[in-house]
Amino acid sequence: MENFDVIIIGGGVNGVGIAQEAALQGYRTLLLEQDDLCSGVSAWSGRLAHGGLRYLEHFDFALVRESLLERERLVKNAPHLAKHVPWIMPVYKHNKRGGQLVRLGMILFDILSFDKSAPRHKYLSKKKVLDKFPAIETDGLKGGFHYWDGQIELAERLCVELALDAQSHGAEIRTHSRVELPVLAEGKVTGVTYRDLMTDQIHTVHAPVIYNVAGPWIDRVFTQSTQLPAQPRLNGGTKGSHLIVDTFPGAPKEVIYYETRTDGRLILVIPWLGKYMLGTTDIRWENDPGDARCDIGELEYLLREVNALIPSADLAIDDVLYTYSGVRPLPYEPEKNESAVTRTHILFDHKSNGADGLVTIVGGKLTTFRQLAEDAVADLNKRLKRGKLKSLTRNRKLPGAHFKDLDSLVSELINLGASDRIANRLARIYGSRSLEIWSIIELDESASELIDSSIGLTKAEIEYVLVEEFPKTLTDLMARRLILAFEKGHGLDAIEKIAKIAAGKLGWNSDEVARQIEGYKAWLNHLAIPDETGPRSTHFGAKQMSESR
């Protein structure tokens, strides 16, 4: 029988954040994830570490301050993954939010981020907006604002490094482990039963406190249980979809935060990984979060609005490289408009509902995961009567963050013999851990073999990830370790070589290799481009799959 101090259900950014904080505090920690790290909403977000300027509309000053503070910590603690980037917010005559209101918001934004390292906002005249963004629609343009906010291009890598830090301090991280039933004793949840999806074996583990951090799945974790008393609905998630396009005529150099002409929603045009991310939508979602896909209405809405903002773009469905959708883990507040539902997190104690020992984390944002984790472990301290302990993550650098600056790290790798392309790839994805990867090449020249020369992917990198970062499937490896899923072609040109290397490390035979390749191709449906027949019918799927066979 395995006993822990705390069991965490969910391997998104909030779950691994709690695991990191709890492990650092010395708790025997177990994290269970039904799929892989960052396989849910953490990956399907806008990948922004933003301060929450929009939340000022709802007078949520505390959340804005928290977001700004955590954004600053992220940039300092994970400088290879999080960064300040410039934003432009244009103001038009048609805007619901007038220039004076936006100016007030910008002033409050600066006041609430008084200790930030990024520059303060600046008002831009119409001329200055055009100087920075010449292709913007001029009809009705009055001016705009220039300010700085945060971005996390590779949310997957953030989750991986948090999990690695937790694991190095004793946490057990078990992916592909689906929680199925609670273990109950005298009205208290004392553990869980989970299924190892790799072996189909059932295991039972025990802990006095269980945190349900399953994001938009929080209401679905224990649905199989007939012993657990009925619990209130807690999740009221909304679907947000993004389109990914290549560089287009008039594409901005900075993030554009734009109030739409159709309905006054705020959408974004975001430079991302050499491409552009357009989003997002905000639609109530009642189905399984894993089934969320971009539909044709969302696609047309986003293209129409971006074309209205940038007339020279002339974007059409054939310009969309892929899409993705996620379900925000918001509190269930059906009486509120989607955009008005709070984005702060809530710790819901199930004691009064006959499930003492079970706590569900409702809500949470990519930017504020660390504060959520700190709050959860403070709650854990009280439950286990350890008193108030100081958080150990506020100023803790992630495993790959031990370098002076990225340019110096890239130069060091080049001086060691890496090409510019390889050095930039390794530094951007792994930070200081890239030196460990390069050391593999120094010991074994054959490890320098280029598996994908277009992006600088080497055999050494693949071997390092397989050993150090516990991927269990080819999809784990391609989508959430090597980040190939978001490259043009999605890594399909190199998939046979990558699968062969993985097979040598993970013990796959030829049949398993074939199954893993098909599994990854099936997973790519998450990136499907919809057409008029529905969100699952895609020219992406037909074209890419046929080309890869």
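The following legends describe close-up views of a predicted model.

Local features are taken at pLDDT of at least 70 and side-chain atom pairs only at pLDDT 80 or more, whereas totals for chains, interfaces and linings use all residues. Residues are numbered from 1 along each chain as its sequence is written, and side-chain values use heavy atoms, with hydrogens and water left out.

**Figure 1. Salt bridge between aspartate 149 and arginine 71.** The structure holds 36 salt bridges, a salt bridge being a side-chain nitrogen of Lys or Arg within 4 Å of a carboxyl oxygen of Asp or Glu. In this pair, the N to O distance is 2.9 Å. Aspartate 149 belongs to strand 6 (residues 141–152) and arginine 71 to helix 2 (residues 61–77), so that distant parts of the chain, 78 residues apart, are linked. Helices (H or I, at least four residues) and strands (E, at least two) are DSSP runs numbered from the N terminus. Both aspartate 149 and arginine 71 are buried. Buried means under 20% relative accessible area, exposed over 50%, and partly exposed in between, with a 1.4 Å probe and protein chains only.

**Figure 2. Salt bridge between arginine 396 and aspartate 165.** The two side chains meet at 2.7 Å, N to O. Arginine 396 is in the loop between helix 7 (369–383) and helix 8 (406–415), and aspartate 165 is in helix 5 (residues 155–168); the pair therefore ties together parts that are 231 residues apart in sequence. Arginine 396 is partly exposed, at 27% relative accessibility, whereas aspartate 165 is buried, at 5%.

Figure 3. Most peptide bonds are trans.

**Figure 4. Packing of helix 5 against helix 12.** Helix 12 comprises residues 474–481, and its axis is 9 Å from that of helix 5, at an angle of about 110 degrees. Axes are lines fitted to C-alpha atoms, for helices over the stretch in contact, and angles run from 0 to 180 degrees between N-to-C directions. Helix 5 and helix 12 are therefore roughly perpendicular, the term for 65 to 115 degrees, while angles under 35 count as roughly parallel, over 145 as roughly antiparallel and the rest as oblique. Glu156, Arg157 and Val160 of helix 5 make the contact with Ala479, Arg480 and Arg481 of helix 12, where contact means heavy atoms within 4.5 Å. Two of these residues are nonpolar, none is polar and four are charged. Ala, Val, Leu, Ile, Met, Phe, Trp, Tyr, Cys and Pro count as nonpolar, Asp, Glu, Lys and Arg as charged, and the others, Gly among them, as polar. Arg480 and Arg481 are also linked with Asp35, Asp36 and Asp476 in a network of salt bridges.

**Figure 5. Packing of helix 2 against helix 7.** The axes of helix 2 and helix 7 are 8 Å apart, at an angle of about 105 degrees. Helix 2 is thus roughly perpendicular to helix 7. From helix 2, Glu66, Glu70, Arg73 and Leu74 meet Phe369, Arg370 and Gln371 of helix 7. The contact residues divide into two nonpolar, one polar and four charged.

**Figure 6. Surroundings of glutamate 33 and histidine 176.** Glutamate 33 lies in the loop between strand 3 (29–32) and helix 2. Glutamate 33 is buried but has no salt bridge, and the nearest side chain of opposite charge, arginine 480, is 8.0 Å away; Lys and Arg count as positive and Asp and Glu as negative, with His and the chain ends not counted. Beyond residues up to four places away in sequence, glutamate 33 touches Gly10, Gly11, Gly12, Ser39, Arg174, Thr175, His176 and Ser177. Histidine 176, in the loop between strand 7 (172–174) and strand 8 (177–185), has a positive phi of about 50 degrees although it is not a glycine. Histidine 176 is buried, at 8% relative accessibility.
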